[in-house]
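Please read the notes below alongside the sequence and the 3D view. They are written for someone meeting this structure for the first time, and they go point by point.

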Amino acid sequence: MNRPTFSERCFDAANTLFLTFLMLITIYPLIYVVLASLSNANQLMAFNGFLWKPLGFSLEAYSSVFANPMILKGYGNTFFVVLVGLCFNLLLTSLGAYSLSRKSLKYRKPIMLFIVFTMFFSGGLIPFYLTVKGVGLANTLWALIIPHAINTFNLILMKTAFEAIPDALEESAKMDGANDLVILFRIILPLSLPVIAVMLLYYGVSHWNSWFHALIFLQDRSMYPLQLILREILLQGEASTMAVGASDSDMAMLTVTLKYATIIVATVPILLVYPFLQKYFVKGALIGAIKG
Amino acid sequence: MTVMNQEALTSPIGNKKPRALGLLLDIRKNKLLYVMLLPVLLYYTVFHYAPMYGAIIAFKDYSPRLGILGSDWVGFEHFETFFTGAYFWRTIKNTILISFYELIFGFPAPVILALLLNEVKHSLFKRTVQTVTYMPHFISLVVICGIVKDFTSREGIINDLMAWFGAERSTFLLEPEFFRTVYVSSGIWQHIGWGTIIYLAALTGIDPEQYEAARMDGAGRWKQMLHVTIPGIMPTIVILLILETGRMMNVGFEKIILLYNPGTYETADVVSSYVYRVGLQDFNYSFSSAVGLFNSAVNFTLLVFSNWLSRKLNDTSLW
């Protein structure tokens with residue numbers, strides 16, 4: 001056994017080749033964006049085909065991205081939503097997950113059903129919109145935070161993780177006179193760092209990447225998060241308004257590279273935390289996959 | 001009558017409602033837990049159940065001045081307008097077609113990738129492939145759509161490549177006939193790696209003895225995959241397939257409204273993007289709510305049905 005036959009070796013070679021090809025397809029668009037953002041706008045305009053290195057290295061696009069007040073404002077708004085949003089997410093999700101993971105809570109099943117039902121049925125976009133407006137959150141950044149305080153899927157994930165912690169710990173804490181709040185914050189949460197990391201990643205990425213609710217709830221442009229500004233630049237072709245201080249002909253040129261620099265600036269934070277959290281998110285995806 | 005008798009027999013407390021009483025007792029016993037649950041339940045009530053209640057405006061002529069309660073009832077008028085309107089078949093057809101393409105092309109892709117990765121013996125290579133293919137999942141939709149738009153433009157890379165092979169240049173996102181292809185293939189590109197996680201996990205759960213037994217019986221790697229690996233991950237595949245079917249009507253409309261334009265509505269406009277346009281761009285709240293409610297109802301029915309079917313066929317189900 002164990003000596004690969006000829007056909008097995010052929011398969012292995014083909015498989016390796018295919019997977020390498022797949023990696024290339026996946027990563028090349030990202031590499032292209034990086035290279036294009038570092039290129040000279042004139043040369044990039046005239047160029048067709050695959051980029052393998054920046055065309056006439058230039059950091060002009062980046063300096064004009066960072067000189068733009070809208071981008072900086074957008075960054076600030078996004079940071080606010082991510083940071084404050086994460087606090088809300090963690091607090092509410094862990095409160096819910098903890099209470100619902102307690103076996104002493106007799107009615108946890110019907111309460112769980114009440115919660116899980118919302119995963120399968122919803123009132124729809126318009127009633128949701130009217131509700132958020134109705135409670136007075138429209139045109140505030142809170143509209144991007146409070147209505148998204150809990151994601152049911154994440155709640156189930158956290159509850160599953162809490163249930164895996166031995167009951168004995170809780171019992172002995174109770175003997176020492178600890179109440180549920182103390183148990184949650186002093187015992188359960190410190191023991192649940194992996195699941196907290198998963199929560200930070202899932203909630204953080206979704207806040208960072210979200211744009212649609214900003215589109216429908218915010219009228220005031222000064223509140224726009226980064227993604228909404230990106231949408232104007234990338235998809236609505238309004239990049240020209242971005243290149244402040246450039247002459248008309250320079251501007252047309254600059255917009256070509258400006259798009260790519262903006263993508264990089266908006267994506268780098270996610271890609272920076274990605275390697276640190278990678279070991280956790282696989283775990284998270286797995287707990288989450290267990291039926292709720 | 002008989003029902004009442006039964007109740008009297010089974011509950012010793014007589015005609016008091018045992019359930020409500022039990023809840024009160026439980027609240028008393030777990031006071032703090034219920035206090036902790038309160039903000040959570042409040043959240044679900046306000047942001048999930050209130051909109052469900054608000055959906056009754058689908059049966060009314062909602063006017064912001066009169067509010068949800070005060071507006072006049074119109075019965076099924078909005079539903080009739082939708083069902084008989086010009087956009088009914090177009091949006092339904094587009095929704096179903098896009099979901100269907102995602103199901104037949106998008107769904108098997110991570111399964112196949114997981115099977116291929118499973119055959120890789122070199123663990124560093126395997127990890128590298130995984131790390132790289134997960135990555136696009138974390139990039140924002142806006143950026144992904146920006147890249148898609150750029151790459152599919154007339155001067156974009158995909159056209160360069162096609163021109164190199166002698167094909168004619170085309171502006172994919174402006175042509176209705178290419179919209180679905182672009183939508184589905186970019187979706188596969190973005191999520192294929194992420195999708196494999198769960199199958200790879202299911203694969204590690206397969207008992208190695210089964211492979212040994214198969215080898216003893218003279219099964220090669222192909223036969224092993226066919227008779228051990230695939231049956232081993234089948235329950236996972238089925239669960240995900242149910243979920244996918246249940247989401248049939250929920251085509252990711254955020255991506256649609258980022259990519260489509262009036263020229264491609266013909267093939268790109270799905271029910272949920274139509275809800276967005278009519279409701280939040282034309283402020284036709286009640287009509288749009290009716291369309292949305294119809295969508296939710298179809299979704300829910302599909303999910304219940306596929307879950308039932310799967311339980312019948314192979315004992316795997318969500319609930």
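1. Two residues are said to be in contact when heavy atoms of theirs lie within 4.5 Å. By that rule, and leaving aside neighbours within four places in sequence, Thr26(A) is in contact with Val132(B), Thr133(B), Pro136(B) and Trp189(B). Thr26(A) lies in helix α1 of chain A, where helices (H or I, at least four residues) and strands (E, at least two) are DSSP runs numbered from the N terminus. Thr26(A) counts as buried because its relative accessible area is 3%, the classes being buried under 20%, exposed over 50% and partly exposed in between (1.4 Å probe, protein chains only).

2. A word on the basis of these notes: this is a predicted model, in which local features need pLDDT of at least 70 and side-chain atom pairs count only at pLDDT 80 or more, while totals for chains, interfaces and linings use all residues. Residues are numbered from 1 along each chain as its sequence is written, chains are lettered from A and ligands numbered from 1 in the order in which they are written, and side-chain values use heavy atoms, with hydrogens and water left out.

3. How many residues does each chain bring to the contact? Chain A gives 93 residues and chain B gives 83 residues. The size of an interface is often given as the accessible area lost when the parts come together. Here chain A and chain B bury about 8100 Å² between them, 76% of it on carbon and sulfur atoms, with buried area taken as the accessible area (1.4 Å probe) that two parts lose on being put together, summed over both. Of the area that chain A buries against chain B, 8% is supplied by Tyr107(A), Ile126(A) and Leu235(A), more than by any other three residues.

4. Between chain A and chain B, 18 residue pairs are in polar contact, with both residues at pLDDT 80 or more; such a contact is a pair of N or O atoms within 3.5 Å, where within protein one must be able to donate a hydrogen and the other to accept it, and residues adjacent in sequence count only if both atoms are side-chain atoms. On the side of chain A that touches chain B, helix α1 (residues 6-37) of chain A makes the largest share, with 18 residues. That side divides into 63 nonpolar, 21 polar and 9 charged residues; Ala, Val, Leu, Ile, Met, Phe, Trp, Tyr, Cys and Pro count as nonpolar, Asp, Glu, Lys and Arg as charged, and the others, Gly among them, as polar.

5. The whole structure holds 13 salt bridges over all chains, each being a side-chain nitrogen of Lys or Arg within 4 Å of a carboxyl oxygen of Asp or Glu. Across the interface of chain A and chain B there are 3 salt bridges. One of these pairs Asp150(B) with Lys259(A), whose closest N and O atoms are 2.6 Å apart. Arg221(B) also forms a salt bridge with Glu8(A), at 3.7 Å between the closest N and O atoms. Arg221(B) belongs to helix α13 (residues 221-246) of chain B and Glu8(A) to helix α1 of chain A, so this pair joins two chains. A network of salt bridges links Glu8(A), Asp12(A), Glu119(B) and Arg221(B).

6. Within chain B, Arg277(B) and Asp269(B) meet through their side chains in a salt bridge of 2.8 Å, N to O. Arg277(B) is buried, with a relative accessible area of 11%, and Asp269(B) is buried as well, at 0%. In another salt bridge, the closest N and O atoms of Asp160(B) and Arg169(B) are 3.0 Å apart; Asp160(B) is buried at 11%, whereas Arg169(B), at 25% relative accessibility, counts as partly exposed.

7. Two residues of helix α9 of chain A may also be looked up. Asp180(A) lies in this helix and is buried, with a relative accessible area of 8%. Not counting residues up to four places away in sequence, Asp180(A) touches Tyr98(A), Lys174(A), Leu32(B), Leu33(B) and Met36(B). Leu189(A) lies in helix α9 (residues 180-191) too, and counts as buried because its relative accessibility is 14%.
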